[in-house]
Amino acid sequence: MDITVGFYGEVKSRADLLIAASFEGDKLPSKALQTVDSGAFEVARSAFEKKRFSGREGERFASYDGPIRGSNELILIGLGKKEKWTPEKLRKASASVLQHGKCHNAKTVRILAETFSAGSVSIHQAAEIIPETLERANYRFDKYQSKKKDEPKHEVRSFELLFSKKTQKNVLQKSVREACIIAEAVNLTRNLINEPGNVMPPRELASQARKAAREGKFRCQVLGPGEIKRLKMNGIVAVSQGSHEAPQLIVMEYGLQYKKRGTVCLVGKGVTFDTGGISIKPSRDMEKMKYDMSGAATVIGILKAASRLHLPIHLVGIAPCVENMPGGGAQRPGDIIKMYNGKSVEVINTDAEGRLILADALAYAGKFKPKVIIDLATLTGACVVALADKAVGLMGTDQALVDKIRKAGETTGERCWQLPLWDEYFDLIKGHHSDVLNAGSGQGGTITAAMFLKEFVPIKSWAHLDIAGTAWVDSDKPYNARGATGIGLRLLIELFRNWK
Ligand code: BES
Ligand code: MN
Ligand code: ZN
């Protein structure tokens, strides 16, 4: 999909569809419409006068006849009250713009982008949100569905976003270009997650990371099973030993030249399929456990986006990748393992595997002397119970960092909700015959999982994002088709764009 920037009064070609927005209470269609297409303006004005359209939220008016000149068709979209307009509403409106384009079988769509800006949504925000959301809303994972030959394809080929001020051309073009880079990285992440476990075992995920690194021009090294064993990363070894698929530790690096500003390590859980192991999961919904590598896929996407955006930050991405299977060599409940950092863990439940592989990866991150470590993981079912698909579970040992992440999430619409990590919670996972248990009794499951990770974090400043509830949606949403969401990518890119 091609997304370009244009300006009022500079419109030359004809579009299949022209889309303009109005707010509730507007007496007339936007002046921009008059400048761009006086014929379309007349049609819109008569719709206002005849009370066919008044800008109420969700309202829509379409016309394909009359004196419209620059396009075959005109659609007006109602956005509701100006004072209630928000970035999140703009995301939903952008998704409906794409839907209208598809429904009306338009190949080229011209949007009066500035008419979608008001109140708390600046023109610059609109110039980022609209293209980013169009790209995300247009994503489908349909590569395994046979294409019917003579079914007409309703795909929009190009969107032109129109603005008023020509002086800001470079700035607006940059916003649109960056938005597309971010959305493409989100869609790459979604592709990696949506691929099933048979297609995306640890080795394939690692080779996808290498491919992303080649395309995005950042570094990628993969440690195989031999190296992982040699380094005594026994958490990773223990989880992978029930599977025929070899474990892989992906290590990516971008922005070495910014090292003096402080390194940020990102760690992502990469369980390419989670059966639970010997503590096997019930069959219901088990097929969804292919998304248990969402953290790893998101870290890969973040490295690619950061590199393509040339963000001034040194990032190291670490993704431990395993398959959690109950094979003959599988670890048993009760096993005691000595982790990479020397602590001993009693494996109470082999389904609490994410924390075992993350523990080694977090400890390994210390090697890079980071200022900050942030991990992303589909870690606990308890997080789905607590927050559903509405918020990321956020925890950490550095309140300033936690606050910055929460704020970034408000901006991008990826809301995060903090849970406490009080010392008392450690009582729930204190070892019987070891330093620590990999699972508590079930109470406070999201917190005890994070308390476990905390034992292996080698520095003071750490934040943990439990994305179990938000990395996947079970039904189509306005700008997210059923399946992977890529949550966390836009969030952390927003954090790093404002990094100091
Ligand atoms: N991958 C799961 C967590 C999960 C559950 C993610 C549902 C997405 C949806 C994780 O490995 C797991 O199984 N956690 C256990 C931990 C428990 C055994 C302590 C859980 O949450 O039940
Ligand atoms: Mn599990
Ligand atoms: Zn898991």
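1. Strands β5 (residues 108-111) and β6 (residues 158-163) pair in the parallel sense, and 4 bridges join them. Within this pair, Ile-111 has Leu-161 of β6 opposite. The model is a predicted one.

2. The sheet to which these strands belong is open and has 6 strands, ordered β1-β6-β5-β2-β4-β3, with mixed pairing. Its edges are β1 (2-7) and β3 (60-63); each has a single partner strand, so one side of each lacks a neighbour in the sheet. From one strand to the next, the twist averages 20°.

3. Helix α4 (residues 123-137) packs on this sheet and touches β1, β5 and β6. The direction of α4 makes about 170° with that of β6.

4. A helix pair comes next. Two packed helices are described by the angle between their axes and by the distance between those axes. For α5 (residues 169-194) and α9 (residues 294-308), the angle is about 155° and the axes lie 8 Å apart. Because an angle over 145 degrees counts as roughly antiparallel, α5 is roughly antiparallel to α9. Their crossing is right-handed.

5. Which residues make the contact between the two helices? From α5 come Ile-181, Glu-184, Ala-185, Leu-188, Thr-189, Leu-192 and Ile-193. Helix α9 contributes Ser-294, Ala-297, Thr-298, Ile-300, Gly-301, Lys-304, Ala-305 and Arg-308. Sorted by class, the contact of α5 with α9 comprises 8 nonpolar, 4 polar and 3 charged residues.

6. Leu-376 lies in strand β14 (residues 372-377). Is Leu-376 buried or exposed? Its relative accessible area is 0%, so Leu-376 is buried, the limit being under 20%. Leaving aside neighbours within four places in sequence, Leu-376 is in contact with Val-267, Gly-268, Lys-269, Gly-295, Thr-298, Val-299, Ile-302, Leu-465, Ile-467, Gly-488 and Leu-492. One of these, Thr-298, also belongs to the α9 side of the contact with α5. Gly-277 is 99 residues from Leu-376 along the chain, and their C-alpha atoms are separated by 22 Å.

7. Thr-448 sits in helix α13 (residues 445-454). With a relative accessibility of 4%, Thr-448 counts as buried, again because the limit is under 20%. Apart from neighbours within four places in sequence, the contacts of Thr-448 are Tyr-425, Leu-428, Ile-429 and Gln-443.

Note on methods. Residues numbered from 1 in each chain as written. Chains lettered and ligands numbered in written order. Predicted model: local features only at pLDDT ≥ 70, side-chain atom pairs only at ≥ 80, totals over all residues. Heavy atoms only, no water. Pairing = 2+ DSSP bridges. Axes fitted to C-alpha atoms, helices over the stretch in contact; angles between N-to-C directions. Contact = heavy atoms within 4.5 Å. Parallel < 35°, antiparallel > 145°, perpendicular 65-115°, else oblique. Left-handed = near helix turned anticlockwise from the far one by under 90°. Nonpolar A, V, L, I, M, F, W, Y, C, P; charged D, E, K, R; others polar. Buried < 20%, exposed > 50% of the residue type's maximum accessible area, 1.4 Å probe, protein only.
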